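Reader: I would like to learn how to read strands and interfaces in a model. Can we go through one together?

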Amino acid sequence: MTEKCILIIDDDESIQTVVEFGLKMTAGWEVISASSGNEGISRAQADHPDMILLDVMMPEMDGLATFRALQLNDQTRSIPVILLTAKAQASEKRLFNDTGVSGVIIKPFNALELAEQICNVLNWAESSN
Amino acid sequence: MRILVVEDDEILRTLLTQRLNAECYAIDAAKDGLEGWDYASTYEYDLLILDLVLPKLNGIALCQKLRHTGYTVPILMLSSQDTSTAKIMGLNAGADDYMVKPFDEPELISRIRALLRRGSSNPLPIVTCGPLSLNSSTYEVFYGEMALTLTAKEYVLLEMMMRDSQHVFSSDEILESLWSSEEFPVDATVRSHMRRLRKKLTAVGAPPDLIATSHGRGYYLKILDLSTTTIAPARETPDIAPPNLLIEPSKSNELMQQAQYLELLNDTWKKHRSTCLERVELIRSALDRLHSAQLTSPIQAEAYRAAHTLVGTLGTFGLHQAMQLARNLDQELHPDLYLEPNQAQSFRSFLNQLQQQIEQTLYIENLPTMFEDRAKAIEDPTSKPSPPEIKVMLVDDDPFFLETFPHHLKSYGFQVLTLNDPRQFWSVLEGNHPDVVILDIQMQQINGFELCQELRSVDPWQKIPVMFLSADSNAETQHKAFSVGADDYLCKPITAQSLSDRIHNRLQRIQSIVN
């Protein structure tokens, strides 16, 4: 599978570390990180990742506000976004889906299965790594 | 000589770098296995020093990965694991040597020198080229009987050329070998060092062209007298054990990934456990304010966010009990909920348990592979005996309220049906047969009073408990609610606990009347 570049936007550094490990280890993807919505938007504009994993609950600019800002920007609008959230209710998942994101992944997740989950959500060919 | 040190312990990494710099080696340092891989696959090194336990990619895996690509540079593995099994694993993975931490510094340096010599074309500690001799054990350089005083860079430059005296070293090759990736020397730097080295050599009687220049190619040491020059023996084949092929590759990879993931989790937990405890303290501070009736909305929101973050973090580490406690707090501290000072004590109880769980978890012992099933088992009402759920129908046109509040109410054992379009009231009511109806008053199409009036006029719904839940605390509005048939009237904001109490009270009273 072609190498992907994934942007993780999460203010929790331990989640960034685990995501980076899981995606690099199981799929060989490059992972870039941002700790806030604003930083994430800048990195998305600069690096144009193949997809964005976006935490919902962040201080200052939360995930949904970040997603809206990404959608308003011509450079980032086309990048698929998957929300990461600890909210597990099906109704909440539906609410997030209604916003237009490509998918929702519920925390906690297994980092070793994350690449597979992303592939499933985005209909990417399965990682061969 | 250039060495890559891959060590996650910052103090040890710094000490090793300083110590090896003092031994005239150029050092690059990486803090985890993946960074080590990036460095090793990007730059040329003469030796790698790998810690066994590394985040992201452990020393064994990194070593195997390098050897699988045909990487022949000597590798010294450092580990605090003193067992034969660990040593065998390290050597089987392709390491050339294995040292146990804490190590004796002089022994480490000697082993490094030995490995570097083995990797060079001349494996002996003393190398001579005619009258020029260099002892890498003592760092002494003599031209005949004359001792030379060289700087660290001049020494390693000379040693490199003496150990491979038939080789022409380009500037790029010299820069690559003798300067770390964090330094930015240029060709002129090499020329400058060569000029100074030549000057010192000629000062002790060496011919000016002992270090010769091959134009367009580089520098080499001119052999003065072949009969007295130590001729390099053929390079030894490194004593590298073949990679462990006993386990079928895919299974091996899977196990390796899991082992590395567990290591990463442990390493990350070690770093972030204190951050989790800081979040606990932040929540505690908010609860203290709640207790003294000084909790403000921003502080409640901050505490909620901290609890919410803990849910994700603790779950990712597979700490299910702690995650569940954080989830309870996450639900109770929601910014839309009004909290009363007397709730602080029960929340503190959750928090104390949570703190205890975090403090007691020093290591992540198992991979959180089954957390989904376990989490489902916790949430699955069929997995534990419980009394029949009370079915609550919540009619409100505020989508956010309907998205959040039922979540809290469910934690009190209710089954919650939500409806934001009152026009579908009857179909949902008759299709689900709730035990209690909770109505908002102001809704766009049909208001709550109208619905209640209709309910009270239609059999069999005349006796179903109806409660109004509204932000309107006006006495007249409340009076009107009771006049159209309400059993209770509650004001927003309200806690799930208060609403739960009121529902239970209402149902018990009805039951007692029926009995």
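**Strands, then the interface**

Author: Start with pairing: two strands pair if DSSP finds at least two bridges between them. Here, strand β1 (residues 2–6) of chain B is joined to β2(B) by 5 bridges, and the two run parallel. Val5(B) stands opposite Ala29(B) in β2(B). Helices (H or I, at least four residues) and strands (E, at least two) are DSSP runs, numbered from the N terminus. This is a predicted model: local features need pLDDT of at least 70, side-chain atom pairs count only at pLDDT 80 or more, and totals for chains, interfaces and linings use all residues. Residues are numbered from 1 along each chain as written, chains are lettered from A and ligands numbered from 1 in written order, and side-chain values use heavy atoms, without hydrogens and water.

Reader: Why is strand β2 of chain B largely enclosed?

Author: Buried means under 20% relative accessible area, exposed over 50%, partly exposed in between (1.4 Å probe, protein chains only). In β2 (residues 26–30) of chain B, 4 of the 5 residues are buried, so the rest of the structure largely encloses it.

Reader: What area is buried between chain A and chain B?

Author: The size of an interface is often given as the accessible area lost when the parts come together. Buried area uses a 1.4 Å probe and is summed over both parts. Here it is about 2800 Å², with 63% from carbon and sulfur atoms. Phe21(A), Met57(A) and Pro108(A) supply 23% of the area that chain A buries against chain B, more than any other three residues.

Reader: How many salt bridges cross the interface of chain A and chain B?

Author: The rule wants a side-chain nitrogen of Lys or Arg within 4 Å of a carboxyl oxygen of Asp or Glu. It finds 1 across this interface. Lys56(B) pairs with Glu20(A), the closest N and O atoms being 3.6 Å apart.

Methods: Buried area = accessible area lost by both parts, 1.4 Å probe.
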